[in-house]
Amino acid sequence: MGVNFKKGKINFGIIGGGWRAEFYLRIARELSDIFNVLGIVDCDKEKGKIIEKKWGIKTFRTIDEFLKFSNPLFAVAVVPWSATPVVIKQLVERKIPVLSETPPAADMDNLIELYKFYNQRKGSKVQISEQYPFQPLNNAYISVIESGRLGTITQAQVSVAHGYHGISMIRKMLNITFEDAVITGCNFVSPVIAGPGRSGPPAKKKIENSAQAIAYIDFGKKLGIYDFTGEQYFSWIRSSRVLVRGERGEINNTTVKYLKDFKTPIEFELRRQNAGENGNLEGLYFKGVLAGEEWIYKNPFIPARLTDDEIAVATSLKKMAEYVQTGKSFYSLAEASQDRYLDLMISKAIETKESIKTSKQLWAGK
């Protein structure tokens with residue numbers, strides 16, 4: 001017998017009740033016709049009471065306690081990095097499909113040990129919730145690239161997300177899987193006026209040091225340039241930036257230029273479209289992204305009011321349900337492990353000020 005099981009919906013559980021878990025709860029509340037949270041596992045009883053009062057969702061202290069009362073299609077692991085591989089293993093051992101937040105493990109030893117564990121348990125279903133390629137504008141970039149307008153992509157400069165998130169975008173844009181690379185990097189610290197954060201707008205003016213990590217990831221004939229400062233997620237004055245280049249054209253933030261033939265240049269803008277603006281009475285929601293006269297991205301969750309990141313996470317949830325039912329992978333443990341590995345190598349290159357040559361890891365296969 002399930003806890004609040006709803007027929008025809010994607011019924012899932014959440015392991016962990018922190019800040020990130022609330023993204024899934026907001027999505028389930030906004031898209032209650034699609035998703036249903038059966039319960040939340042959090043070992044803190046008092047915290048569980050707060051969650052139950054705020055969200056009206058039953059909480060449990062252990063995974064086994066949760067599974068006694070429910071039969072989820074899958075469980076989402078939203079726990080601290082140190083606990084993530086432990087929770088993934090616990091769910092796999094109980095034959096529960098897992099959608100885990102990134103990264104699957106914090107360091108190389110745990111990444112390798114987790115992948116060995118997973119690889120030995122044939123039939124285990126594990127995916128990692130890497131949402132950035134599913135964010136509307138990022139997805140539009142990828143659609144332009146995959147259309148072939150730009151030709152073969154040889155360079156991707158990405159400043160949209162930290163660490164493994166940014167690397168996942170670079171690999172996707174360059175069509176890179178597990179190829180070796182040479183990494184060089186540096187860290188530049190500069191002052192910035194503190195902006196908003198998870199707790200809201202700043203209470204007063206404050207100057208903080210901003211650490212900007214820059215790395216060149218040379219795959220031979222393809223180059224990824226990683227560039228990010230932590231302020232970008234919330235800042236009012238630090239913007240995201242993307243430059244993607246192929247032999248036929250480029251994407252420069254929202255401007256796309258390419259050659260229809262060697263003497264016919266074409267240019268268009270990627271334009272966000274929202275309902276409810278300037279007297280429009282359709283409602284208040286994000287509609288999609290236009291590439292000239294073409295819808296290059298359409299919001300699949302109209303008319304829900306969701307942020308771009310929530311749209312992306314909701315997309316991961318739907319893809320997870322499809323993966324459980326069909327086996328179609330969308331971001332595997334191997335891919336997530338590779339992105340975290342490259343992230344760690346960037347940190348090492350910055351710390352040592354030396355070039356780092358990557359090598360094939362266990363998850364790359366033969």
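A search of the whole structure turns up zero disulfides, a disulfide being a pair of cysteine sulfur atoms within 2.5 Å. Before going on, the conditions: this is a predicted model, where local features need pLDDT of at least 70 and side-chain atom pairs count only at pLDDT 80 or more, while totals for chains, interfaces and linings use all residues. Residues are numbered from 1 along each chain as its sequence is written, and side-chain values use heavy atoms, with hydrogens and water left out.

Cys43 is exposed at a relative accessible area of 68%, and Cys186 is partly exposed at 38%. Here buried means under 20% relative accessible area, exposed means over 50%, and partly exposed is in between, with a 1.4 Å probe and protein chains only.

Next, salt bridges. The whole structure has 20 of them, each a side-chain nitrogen of Lys or Arg within 4 Å of a carboxyl oxygen of Asp or Glu.

One of them pairs Asp180 with Lys357, at 3.9 Å from N to O. Asp180 sits in the loop between α7 and β8 (182-193) and Lys357 in strand β17 (residues 356-357), so this pair ties together parts 177 residues apart in sequence. Helices (H or I, at least four residues) and strands (E, at least two) are DSSP runs, numbered from the N terminus. Asp180 is partly exposed at 26%, whereas Lys357 is exposed at 55%.

Asp308 and Arg272 form another, their closest N and O atoms 2.8 Å apart. This pair also links distant parts of the chain, with Asp308 in helix α8 (residues 308-326) and Arg272 in strand β14 (residues 264-275), 36 residues apart. Asp308 is partly exposed at 23%, and Arg272 is partly exposed at 41%.

Last, the second largest pocket. It holds about 370 Å³ of space. A pocket, on a 1 Å grid over the protein atoms alone, is an open set of points where a 1.4 Å probe fits, with protein on both sides within 12 Å along at least five of seven lines; lining residues have an atom within 4 Å of a point. Of the 18 residues lining the second largest pocket, Pro133, Lys172, Phe330, Tyr331 and Glu335 lie nearest its centre. Helices α6 (136-146), α7 (163-174) and α9 (333-352) each supply at least two lining residues, and α6 gives the most, with four.

How values were computed: Points joined across faces, edges and corners; volume = space filled by probe spheres on them.
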